[in-house]
Amino acid sequence: MKEIKAVIRPNKLAALRDALIVLPGFPGMTVSKVEGCSAPSRHVARNKIKDELTDYTPKVRIEIVAPDEVAEDIFRRITEVAQTGHYGDGLVWMVEVERAAFIFKTMPGSPEL
């Protein structure tokens, strides 16, 4: 089981949802509004670094816990759909999930995911 997380531009969310929902085995996702700034660019004049560090761009954070067999496809689709070709498009990463259970489906003594 894997957890795929991404921070992307909000205007890409509808297209991403459409790209993911058609994947067999897509488990759904959690979306949160976030703000962030990138590290200062090496190609920006020193007097503009303060502007870069205080320019918090609206983003959305996506979290998905998925079976191993669909995790790579989810990761790839997020990367493809969220890309605009501009600095600050966001970030996507994947980590192992040791244990997970759907709360509404889990009864005492029942197996986990």
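Colleague: Okay, what kind of model is it?

Modeller: This is a predicted model, so local features need pLDDT of at least 70 and side-chain atom pairs count only at pLDDT 80 or more, while totals for chains, interfaces and linings use all residues. Residues are numbered from 1 along each chain as its sequence is written, and side-chain values use heavy atoms, with hydrogens and water left out.

Colleague: How many helices and strands does the protein chain have?

Modeller: There are 3 helices and 4 strands. From the N terminus on, they run β-α-β-α-β-α-β. Helices here are DSSP runs of H or I with at least four residues, strands are runs of E with at least two, and both are numbered from the N terminus.

Colleague: And how much of the protein chain is buried?

Modeller: Buried residues make up 25% of its 113 residues. Buried means under 20% relative accessible area, exposed means over 50%, and partly exposed is in between, using a 1.4 Å probe on protein chains only.

Colleague: Now the helices. At what angle do H1 and H3 pack?

Modeller: H1 (residues 13-21) and H3 (residues 68-82) pack at about 150 degrees, with their axes 10 Å apart. That makes H1 roughly antiparallel to H3. Axes are lines fitted to C-alpha atoms, for helices over the stretch in contact, and angles run from 0 to 180 degrees between N-to-C directions. Under 35 degrees counts as roughly parallel, over 145 as roughly antiparallel, 65 to 115 as roughly perpendicular, and the rest as oblique.

Colleague: Which residues meet there?

Modeller: From H1 you get Ala 15, Leu 16, Ala 19 and Leu 20, and they meet Ile 74, Arg 77, Ile 78 and Val 81 in H3. By class, that contact has 7 nonpolar, no polar and 1 charged residues. For the classes, Ala, Val, Leu, Ile, Met, Phe, Trp, Tyr, Cys and Pro count as nonpolar, Asp, Glu, Lys and Arg as charged, and the others, Gly among them, as polar.

Colleague: What about Ala 19, what does it touch?

Modeller: Ala 19 touches Arg 77 and Val 81, not counting residues up to four places away in sequence. Contact means heavy atoms within 4.5 Å. The C-alpha atoms of Ala 19 and Val 81 are separated by 7.7 Å, though they're 62 residues apart along the chain. At 16% relative accessibility, Ala 19 counts as buried.

Colleague: Switching topic: how many residues are in the largest nonpolar core?

Modeller: It has 17 residues, and those with the most contacts inside it are Ile 4, Ile 8, Leu 20, Ile 64, Ile 74 and Ile 78. Strand E1 (2-8), H1, strand E3 (57-66) and H3 each supply at least two, and the largest share, 5 residues, comes from H3. A nonpolar core is a set of buried Ala, Val, Leu, Ile, Met, Phe, Trp, Tyr and Cys residues joined through side-chain atoms within 4.5 Å.

Colleague: Is Lys 5 buried or exposed?

Modeller: Lys 5 is buried, with a relative accessible area of 16%. Lys 5 sits in strand E1 and touches residues including Arg 61, Glu 63 and Trp 93.

Colleague: Last one: where is Asp 89?

Modeller: Asp 89 is in the loop between H3 and strand E4 (90-96). Asp 89 is buried too, at 14% relative accessible area. Its C-alpha is 6.1 Å from that of Ile 8, which is 81 residues away along the chain.
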